[in-house]
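Hi,

Here is the structure I said I would pass on. Have a look at it first, and then read my notes below.

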Amino acid sequence: NDTLDALKISAMARGKPLMTGITTDDGIIRFIIDDFWKQGESHLADCIPRRTRDKISEAKRELIRQDIQDRYFPDTFDEDKVMNLLRLYTDTLFGYPMAKMSTYFANLTYGYVFQYYGSWSRPSPFPYQLVAHGAEISYLFYYTNRSLPLESCSLNQANLAINKQMVKWWTTFAKSGYPDPQWPTVSNSGYMVINFPTSFMNSSTF
């Protein structure tokens, strides 16, 4: 739209880089807000972006709803559909906006997907190990009530390694406008997958 086009022109003129990303289970935030997620499978058409949903016919809307059904709910193995809904909400609430923003600012954006789960991660309300919304913050900054113990004990080596690498990336970005010479912009090489013991560039788009 006009606003996004204007923002793109303005951002390109300024040439200011952007570093942004998501976690693999960002969508868990939807489960915390209220209990509407329990009816999520019955309201799949609501996951169609509003601007698109308002422009298409009921028949087209139903076709897209069925595509969503087939992609995210291929079977009924998970009776509660928690993981199915989690993937759906992660994509619609975070992945899709990230992809759109990267499209507009691809030459300026350094993207990442945070996949690491460690003992500094927030506890999940479900019996799964989830890399929840904002999980990377615990490893980038020291949280006295969560990032413990900070000392270099054997059980904490992975946490400390992730912390050291992320601090290096973020401070380099703040100083130089890029996180690492091996971490190109989205337009050139996709996004960084942050994990332990190896982080790597994914050449696909978000």
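Before the details, a word on burial: I call a residue buried when its relative accessible area is under 20%, exposed when over 50%, and partly exposed in between (1.4 Å probe, protein chains only). Bear in mind that this is a predicted model, so to speak of local features I need pLDDT of at least 70, and side-chain atom pairs count only at pLDDT 80 or more, while totals for chains, interfaces and linings use all residues. Residues are numbered from 1 along each chain as its sequence is written, and side-chain values use heavy atoms, with hydrogens and water left out.

First, the overall picture. The chain has 8 helices and 4 strands, taken as DSSP runs numbered from the N terminus (helices are H or I with at least four residues, strands E with at least two). Starting at the N terminus, the order is α-β-α-α-α-α-β-α-α-α-β-β. Of the 206 residues, 39% are buried. The accessible surface is about 12,100 Å², and carbon and sulfur atoms hold 54% of that; the areas are Shrake-Rupley values with a 1.4 Å probe, and for residues only the protein chains shown count as cover. Looking at contacts (heavy atoms within 4.5 Å) between residues at least 6 apart in sequence, 67% join residues at least 24 apart.

Now the aromatics. A search of the whole structure turns up 7 aromatic pairs. Rings of Phe, Tyr and Trp (its six-membered ring) pair if their centres lie within 6.5 Å; planes under 30 degrees apart are stacked, over 60 edge-to-face, and the rest tilted. Tyr116 and Phe196 make an edge-to-face pair, because their planes sit at 70°, with ring centres 6.5 Å apart. Tyr116 is in the loop between strand E2 (109-114) and helix H6 (135-140), and Phe196 in the loop between strand E3 (191-194) and strand E4 (200-202), so this pair ties together parts 80 residues apart in sequence. Tyr116 is buried at 6% relative accessible area, whereas Phe196 is partly exposed at 37%.

Trp120 and Tyr139 are stacked, 5.5 Å centre to centre with 20° between the planes. Trp120 belongs to the loop between E2 and H6 and Tyr139 to helix H6, 19 residues apart. Both are buried: Trp120 has a relative accessible area of 1%, and Tyr139 is at 0%. Together with Phe114, the residues Tyr116, Trp120, Tyr139 and Phe196 form one aromatic cluster.

On to charges: there are 3 salt bridges, meaning a side-chain nitrogen of Lys or Arg within 4 Å of a carboxyl oxygen of Asp or Glu. Which parts does the Arg87 and Asp25 pair tie together? Arg87 is in helix H5 (residues 82-104) and Asp25 in the loop between E1 and H2, so the pair connects parts 62 residues apart in sequence. Their N to O distance is 2.7 Å. Asp25 is buried at 3%, while Arg87 is partly exposed at 37%.

Helix H4 (residues 58-72) holds both Arg61 and Glu58, 3 residues apart, about one turn of the helix. Their closest N and O atoms are 3.1 Å apart in a salt bridge, and Glu58 is exposed at 58%.

Lastly, strand E1 (residues 18-23) is mostly covered, with 5 of its 6 residues buried. E1 and E2 run parallel, joined by 6 bridges (strands pair if DSSP finds at least two bridges between them), and Leu18 stands opposite Thr109 in E2.

Cheers
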